[in-house]
Amino acid sequence: MRRILLFLFVLVVVVDITLGRTPFQAPSFTVRENEEFPLNLEPVIIEETESTSKLIESENEDQNEQYFEDLTRIGRISYNGNQLWKAVVDDIEKIKVLTNLRDENHISMWGGNRTAIDILVKPNSLRTVEEAFKEKQINFDVIIQDLQKAIDEENNPIQENTDRQGHRLTWNSYHRSQDIHDFLRYINDTCHEICSVKTIGYSVQKRPIILVKISNGNPSNKAVWIDGGIHAREWISPAVVTYIIKYLTVHFESEPNYMQNIDWYITPLINPDGYEYTHTVDRLWRKNRARSGQCTGTDLNRNFGYRWGGQGSSKNPCSETYGGSSPFSEPETEAIRKFITGTTAKWRAYISFHSYGQYILYPWGYNRAVPPDYQDLEAVGRKAATAIRNSGGPNYTVGPAGTTLYPASGGSDDWAKGAIHMKYAYTLELRDNGRHGFILPANFINPTANEALAAVRVIVEAAHKA
């Protein structure tokens, strides 16, 4: 069977070459020898559209918090009876079954890898999907019996931080965007010697995109960028990034030289509008909140301007992976582009935190190829995965994004590597591997943050030497 699948993939590649769509003719690409390509999950993943079960959609959103409170009271989107299944997909026919079920609005996709896809099954479609799976011999496990129940139990009540002096973050609960911004302002007010805080832009709804720079001021420092919260529903991401900020500001002087002699540029919440929307209306919202015709939102991680608009990015504004009307069409991504290209920093590394799946991914994401120095990226990635395990964390899979998962063009790490030429560019997909998915209980914040910090140390050490 594996030989048959490999033959089918090679056949697709040959057709692509004939049509001039492959990367192999470009000098900046390298294909790894003896690479075993996965099944092409693109048809079932990228045209995912906003679920018709999402009944609340505002025509006139603004940044007024009272508006969101009113909207929440009259109808937060409920996922009562929705189930999360993990389906084993090991041939093309099974992928077609999932695609058809998705197109008929029986299921929606959460994520996938070489062997399985996590799907959200609508309450009224449970029997239909189960019968289709039985007919085609698709094995599956029910991971979450009732998604709304999991959502209701995900977060801990926010306890007042007894040690706080101007912020509420505890890293025992997921906090709203205002708490995150107040924490960053607290850093600005209290960490004068090594910290500076700057608003680098504003979201669609005029919320600030705030960056923290941590530096000892050494003019020879290399620079590292870290961001989180690009995808709204991935709550663990900004929680981890704010934890890293807290750790660095408290323990900076006790860190080794390779950590101190770095200019850290950290932005924990790139998509504040979408993040707020997940707290007030739709827990599973992914995109920003820009209007585009009859639909809302652009996938910010398909909107960066390197190989924009290719595989894994949709032209349909209603798709979960809509890449926008043009590269950097969104104020959130444009703020990043403008800041990074407008500084004289010695950029060496880019780290973007997402969830979920437990992956350390490097370019290229836009196609199944790798940059010429992929062996360096692979080696550092594997060392980071080892550091995670040594810190008590789980196994993380390392590899190029387009091959390890599926092609997704317009990603931030591809842009950092391909356009800005940062040596080490990674996307870290945090916990877990599907047991909770996007609805990761808040009890996992601290262990996830600790293992993420262990990975960051490894990448930063490599950047310091680059």
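User: Does Lys 206 count as buried or exposed?
Analyst: Lys 206 counts as exposed because its relative accessibility is 57%. Buried means under 20% relative accessible area, exposed means over 50%, and partly exposed lies in between, with a 1.4 Å probe and protein chains only.

User: What kind of model is this?
Analyst: This is a predicted model, in which local features need pLDDT of at least 70, side-chain atom pairs count only at pLDDT 80 or more, and totals for chains, interfaces and linings use all residues. Residues are numbered from 1 along each chain as its sequence is written, and side-chain values use heavy atoms, with hydrogens and water left out.

User: Back to Lys 206. Where is it found?
Analyst: Lys 206 is found in the loop between strand 5 (195–202) and strand 6 (208–214). Helices (H or I, at least four residues) and strands (E, at least two) are DSSP runs, numbered from the N terminus. The phi of Lys 206 is near 70°, a positive value in a residue other than glycine.

User: What about Phe 328, and what is its phi near?
Analyst: Phe 328 also has a positive phi, near 60°, and is a residue other than glycine. Phe 328 sits in the loop between strand 10 (295–296) and helix 11 (331–342). Phe 328 counts as buried because its relative accessibility is 13%.

User: Which peptide bonds are cis?
Analyst: The bond from Ser 355 to Tyr 356 is cis, with omega near 15°. Tyr 356 is found in the loop between strand 11 (347–355) and strand 12 (359–362). The bond from Arg 431 to Asp 432 is also cis, with omega near -5°, and Asp 432 lies in the loop between strand 14 (424–430) and helix 15.

User: Now Asp 299. Which residues does it touch?
Analyst: Not counting residues up to four places away in sequence, Asp 299 touches His 231, Arg 286, Lys 287, Glu 320, Thr 321 and Tyr 322. Contact means heavy atoms within 4.5 Å. Asp 299 is in the loop between strand 10 and helix 11, and Asp 299 counts as buried because its relative accessible area is 0%. The C-alpha atoms of Asp 299 and Ile 230 are separated by 8.4 Å, although these residues are 69 residues apart along the chain.

User: Changing topic: how many helices and strands are there?
Analyst: The secondary structure comes to 15 helices and 14 strands. Of the 466 residues in the protein, 60% are buried. Among contacts between residues at least 6 apart in sequence, 76% join residues at least 24 apart.

User: At what angle do helix 12 and helix 15 cross?
Analyst: The axes of helix 12 (residues 374–390) and helix 15 (residues 445–465) cross at roughly 145° and come within 8 Å. Axes are lines fitted to C-alpha atoms, for helices over the stretch in contact, and angles run from 0 to 180 degrees between N-to-C directions. The crossing of these two helices is right-handed. A crossing is left-handed if the near helix is turned anticlockwise from the far one by less than a right angle, and right-handed if clockwise.

User: Which residues meet there?
Analyst: From helix 12, Val 380, Lys 383, Ala 384, Ala 387 and Ile 388 meet residues of helix 15 that include Glu 451, Ala 454, Val 458 and Ala 462. By class, this contact has nine nonpolar, no polar and three charged residues. Ala, Val, Leu, Ile, Met, Phe, Trp, Tyr, Cys and Pro count as nonpolar, Asp, Glu, Lys and Arg as charged, and the others, Gly among them, as polar.

User: And how do helix 8 and helix 15 cross?
Analyst: The axes of helix 8 and helix 15 cross at roughly 65° and come within 9 Å. This crossing is right-handed. The residues of the contact divide into 11 nonpolar, three polar and one charged.
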